[in-house]
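Here is a short report on a fold, its sheet and its nonpolar cores. Please keep the viewer open while reading.

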Amino acid sequence: MNIKIRPGLLFDIQTIADYQVKMAFETENGLKLDPPTVEKGVTAVMDDPSKGKYWLAEVDGQVVGCLLTVPEWSDWRNGNVLWIHSVYVHPDFRKYGVYKALYSHLKTMVQESPDLRGLRLYVDKTNMKAQDVYKKLGMTDEHYHLYEWMKG
């Protein structure tokens with residue numbers, strides 16, 4: 001399978017938003033996101049690159065996976081760490097290396113950039129399939145626990 005990785009573009013907004021709604025439902029115990037709100041959120045990223053960047057995986061011109069990278073400044077490393085958010089791979093294309101291709105693209109980008117220092121992501125504690133994938137790609141979970149507070 002020939003997987004092509006490319007940045008998300010304006011004409012991808014609807015596909016990305018649709019994938020985000022599906023991802024939330026699947027990985028967050030049936031969470032139903034408001035599609036118009038998600039579409040506005042995706043559009044906001046496209047309109048303001050400082051918010052992040054979408055990366056899409058294509059097979060034969062069809063978007064089969066996507067993720068969002070969000071930069072975080074690290075004063076310890078004097079550079080940005082890219083947080084990986086909103087990972088989704090279409091069910092028909094799972095187990096074919098789609099996420100691996102996306103991750104490899106990002107890892108190469110970091111290795112070749114003088115300004116990027118690493119990759120991070122968070123995963124739901126119950127999402128064992130995703131955790132297995134991340135571990136197989138060499139990511140570790142040994143340094144930090146993530147805590148959060150969300151309004152509402």
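Predicted model: local features only at pLDDT ≥ 70, side-chain atom pairs only at ≥ 80, totals over all residues.

Residues are numbered from 1 along each chain as its sequence is written, and side-chain values use heavy atoms, with hydrogens and water left out.

**Sheet.** Five strands form an open sheet in the order S1-S2-S3-S4-S5, with mixed pairing. Strands are DSSP runs of E with at least two residues, helices runs of H or I with at least four, numbered from the N terminus. Two strands pair if DSSP finds at least two bridges between them. S1 (4–7) and S5 stand at the edges with a single partner strand each, so one side of each has no neighbour in the sheet. S1 and S2 run antiparallel, joined by four bridges. Lys4 has Glu58 in S2 as its bridge partner.

**Cores.** A nonpolar core is a set of buried Ala, Val, Leu, Ile, Met, Phe, Trp, Tyr and Cys residues joined through side-chain atoms within 4.5 Å. Buried means under 20% relative accessible area (1.4 Å probe, protein chains only).

| Core | Residues | Including |
|---|---|---|
| Largest | 25 residues | Ile84, Val98, Tyr99 |
| Second, separate | 16 residues | Val21, Val38, Val42, Tyr88 |

In the largest core, Ile84, Val98 and Tyr99 have the most contacts inside it. Elements giving two or more residues to this core include S3 (62–74), S4 (79–89) and H3 (98–112). H3 gives the most, seven residues. Beyond its neighbours within four places in sequence, Ile84 is in contact (heavy atoms within 4.5 Å) with residues including Leu67, Tyr103 and Leu119.

Note on methods
Buried < 20%, exposed > 50% of the residue type's maximum accessible area, 1.4 Å probe, protein only.
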